[in-house]
Amino acid sequence: MAFTSVQTNNILLKFRQEIYQEYVRENLFSPYMGPEMNSIIQVITDLDNGGKMGGQQINVPLVARLQAQAIGQGPLVGNEEQIDNYGMRVWVDWARSAVSIKKAQENMSSIDLFALAKPMLVDWGKELQRDEICDALYGLPSTAAPAGLNTTNGQRVNGILFDSATAAQRNTWISDNIDRVLIGNSNNANYAAGDFATSLGHVTSAMVVSAAILTRMKRQAKRANPRIRPYKLKDNGTEWFVVFMGQEQFRDAQNDSTIMTANQNSRAREEQGYMRNPIFVDGDLLWNGMILREITELSIRAPVTYQTIGSGGIPVLPMFLCGQQAMAWCWGEMPEATFRKEDDYQFIRGAGTEMCYGISKTFKQTLQGNNREWGILTAFLAAVGDA
């Protein structure tokens, strides 16, 4: 018996109108960004003059607290204290992207390609900003302009990108900031003075995120000088910080029995409170006045150097306990939609976006020339991937 076959060109084709785009996470840093002084990432718009650029650099003034000994009945004249102040410079650069489509391709397509352009460009911008905040957290403070400033791809991340830093620059950073750095479970046991690589080489696979280490981080942050100001101070006197960490370290925090028990027993249950408990749904963990927030891109964009730097070649990653003004986000121009004008008699349509900004960890240079980070304590702990 002969069966009829449908020739290839006659096969019925149906295309879904909805396009399943690659999943793009919202910027998980967003809740902690704002113009207020107590924001973790302080947004500064001084250079954006209604869409008209007002310069390429902005000065961020930082003033340390007064620390002089009190004068009793002795003369106050001649014993005045000098105000310790510093101006941190942030450079801004451009970020642009666009898509263009010929009318012939639009007519052939089963989907509206041009209609997709705007939401895809928005997602591109969100991803870029989130990723560059991660890169800035990993970077080392510097008073010099970013290495790629004014080049084809631009450089909005201020400071020295970690994988581009020399051994000497890493050694200087850890020496300048050791009061706001925790290596493994103890600086006394693990810190090799002035030697970044040797210090991190003491971190073992057993030195993972735990309630005890987080509590130690908070104690150390409160002793650091200049002070790391809490992100929030509750009415009952509770001081709150936010800890940004990658996937592996958040996993270890979830597996810590003390943290797990605290979130299980202490989070609200009434009015479907369990729907806000990270044991049951995705969300932040809470411990001892700290909000633990997982940022997946801190794992994805981790500098190559960290992959084998620990004891026995294990990966070690920093996680960042942040207080007020930990970072500065400076806008030169807010995101704007752009459109192609060279349209070849309306045969080509193009849509784009442009923005101009700079992102930097906030730091204050001491009179001795040391670049001290302002609002971050960095803890280096094991970040071994899943078996």
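## Close-up views of a predicted protein model

Residues are numbered from 1 along each chain as its sequence is written, and side-chain values use heavy atoms, with hydrogens and water left out.

View 1. Helices (H or I, at least four residues) and strands (E, at least two) are DSSP runs, numbered from the N terminus. Of the 387 residues, 46% are buried; buried means under 20% relative accessible area, exposed over 50%, and partly exposed in between, with a 1.4 Å probe and protein chains only. Among contacts with a separation of 6 or more, 74% join residues 24 or more positions apart, where contact means heavy atoms within 4.5 Å.

**View 2. The largest pocket has a volume of about 300 Å³.** Rolling a probe the size of a water molecule over the atoms shows where empty space is left. On a 1 Å grid over the protein atoms alone, a pocket is an open set of points with protein on both sides within 12 Å along at least five of seven lines, whereas a cavity is a set of points where a 1.4 Å probe fits but cannot get out; lining residues have an atom within 4 Å of a point. Grid points are joined across faces, edges and corners, and a volume is the space filled by probe spheres set on the points. This pocket is lined by 17 residues, with Lys118, Leu121, Val122, Gly352 and Thr353 nearest its centre. Two or more lining residues come from each of H2, strand E14 (327–339) and strand E15 (348–361). The lining comprises nine nonpolar, five polar and three charged residues. Here Ala, Val, Leu, Ile, Met, Phe, Trp, Tyr, Cys and Pro count as nonpolar, Asp, Glu, Lys and Arg as charged, and the others, Gly among them, as polar.

**View 3. The largest cavity has a volume of about 60 Å³.** Its lining includes Leu137, Trp173, Phe320 and Phe380. H2, strand E13 (316–322) and strand E18 (376–382) each supply at least two lining residues. By class, nine are nonpolar, two polar and one charged.

**View 4. In strand E13, seven of seven residues are buried.** On one side sit Val316, Pro318, Phe320 and Cys322, and on the other Leu317, Met319 and Leu321, all buried. E13 pairs with E18 in the antiparallel sense over seven bridges, and Leu321 stands opposite Leu377. E13 also pairs antiparallel with strand E10 (residues 239–245) over three bridges, with Phe320 as the partner of Phe244. Two strands pair if DSSP finds at least two bridges between them.

View 5. Asn158 belongs to the loop between helix H2 (113–138) and helix H3 (167–176). Asn158 counts as buried because its relative accessibility is 6%. Its side chain reaches the backbone nitrogen of Trp91 at 2.8 Å, a polar contact (a pair of N or O atoms within 3.5 Å; within protein, one must be able to donate a hydrogen and the other to accept it, and residues adjacent in sequence count only if both atoms are side-chain atoms).

Definitions and conventions. This is a predicted model: local features need pLDDT of at least 70, side-chain atom pairs count only at pLDDT 80 or more; totals for chains, interfaces and linings use all residues.
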